[in-house]
Amino acid sequence: LTAFVAVYRAKGLAWVKVKEDGEWQAPIAKFFTEEERADMAATLGAQPGDLLFFVADTPSIVHQALSELRLELARRLSLLDKDTFNFLWVTDFPLVEYDHQEKRHVAVHHPFTAPREEDLPLLDTDPGKMRSRAYDLVLNGTEIGGGSIRIHQQEMQSRIFASLGISAEEAADKFDFLLKALELGAPPHGGMAFGLDRLMMLLAGRDTIRDVIAFP
């Protein structure tokens with residue numbers, strides 16, 4: 001499992017086995033106080049015989065590594081019921097995230113995604129806390145569709161470009177057609193794209209889209 005999470009950039013995988021008396025059997029147990037161990041056990045609903053896994057890294061790496069690990073364990077332990085279909089919407093995505101290599105904020109979806117209007121005051125002070133008007137439709141843990149409401153005001157689009165470190169000259173060079181169109185007046189608009197191949201894969205009870213499309 002350590003090798004499995006390494007694929008998702010996790011540098012390691014710590015584990016804890018909960019013994020029958022509730023004590024932790026693990027190399028990392030000595031690094032936590034008894035109170036901290038009790039808090040974590042309560043949060044995770046840990047019972048004797050359970051195995052707990054931990055990843056320590058940036059939030060994005062931790063989230064993806066543990067999410068994929070959770071799904072992999074569900075597959076190995078035959079916990080997934082392919083005859084049950086559970087849908088959910090994912091909303092309130094962050095508008096931007098900080099790229100430590102480029103030393104600037106980058107768009108989580110794309111730079112044309114509209115921000116939540118109530119978060120606009122954060123644009124000049126704390127853009128990392130802004131939420132976007134993007135949405136994904138998920139079925140049984142697989143994204144089958146997604147989209148967003150787009151920015152339709154020229155001034156707002158220019159401000160978003162600036163917050164992403166895109167200069168006015170670069171924006172004019174790459175997106176002049178868009179900025180001119182918005183300046184002339186565009187209605188509020190948005191959309192959604194469905195991954196029909198993924199949907200058919202789930203309906204057919206398969207694990208790869210290669211089984212339901214003519215894959216080159």
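The model is predicted; local features need pLDDT of at least 70, side-chain atom pairs count only at pLDDT 80 or more, and totals for chains, interfaces and linings use all residues. Residues are numbered from 1 along each chain as its sequence is written, and side-chain values use heavy atoms, with hydrogens and water left out.

Pockets were located on a 1 Å grid over the protein atoms alone, as open sets of points where a 1.4 Å probe fits, with protein on both sides within 12 Å along at least five of seven lines. Lining residues have an atom within 4 Å of a point. Grid points are joined across faces, edges and corners, and a volume is the space filled by probe spheres set on the points.

The largest pocket has a volume of about 1100 Å³. Its lining comprises 30 residues, and Leu71, Arg75, Asn140, Gly141 and Thr142 lie nearest the centre. Two or more lining residues come from each of α3 (59-76), β7 (134-139), β8 (142-149) and α6 (196-203). Helices (H or I, at least four residues) and strands (E, at least two) are DSSP runs, numbered from the N terminus. Helix α3 gives the largest share, 8 residues. By class, the lining holds 11 nonpolar, 9 polar and 10 charged residues. Here Ala, Val, Leu, Ile, Met, Phe, Trp, Tyr, Cys and Pro count as nonpolar, Asp, Glu, Lys and Arg as charged, and the others, Gly among them, as polar.

The second largest pocket has a volume of about 520 Å³. Of its 15 lining residues, Thr58, Ser60, Glu97, Tyr98 and His100 are the closest to the centre. Both α3 and β5 (96-99) give two or more residues to this lining. Again α3 supplies the largest share, 5 residues. The lining divides into 6 nonpolar, 6 polar and 3 charged residues.

Strand β5 pairs with β6 (104-107). The pairing is antiparallel, over 4 bridges; DSSP must find at least two bridges for two strands to pair. Glu97 stands opposite Val106 in β6. The hairpin has 4 residues between the strands, and Lys103 takes a positive phi near 60° there.

Ser78 lies in the loop between α3 and β4 (87-90). This residue is exposed, with a relative accessible area of 64%. Most residues other than glycine have a negative phi.

An open sheet is formed by 3 strands in the order β2-β1-β3, with antiparallel pairing. Strands β2 (24-25) and β3 (51-54) stand at the edges, each with a single partner strand, so one side of each is left without a neighbour in the sheet. Strand β1 (residues 14-18) is joined to β3 by 4 bridges. Ala14 stands opposite Phe54 in β3.

Ile166 touches Phe161 and Ala171 (heavy atoms within 4.5 Å), not counting residues up to four places away in sequence.

How values were computed:
Buried means under 20% relative accessible area, exposed over 50%, partly exposed in between (1.4 Å probe, protein chains only).
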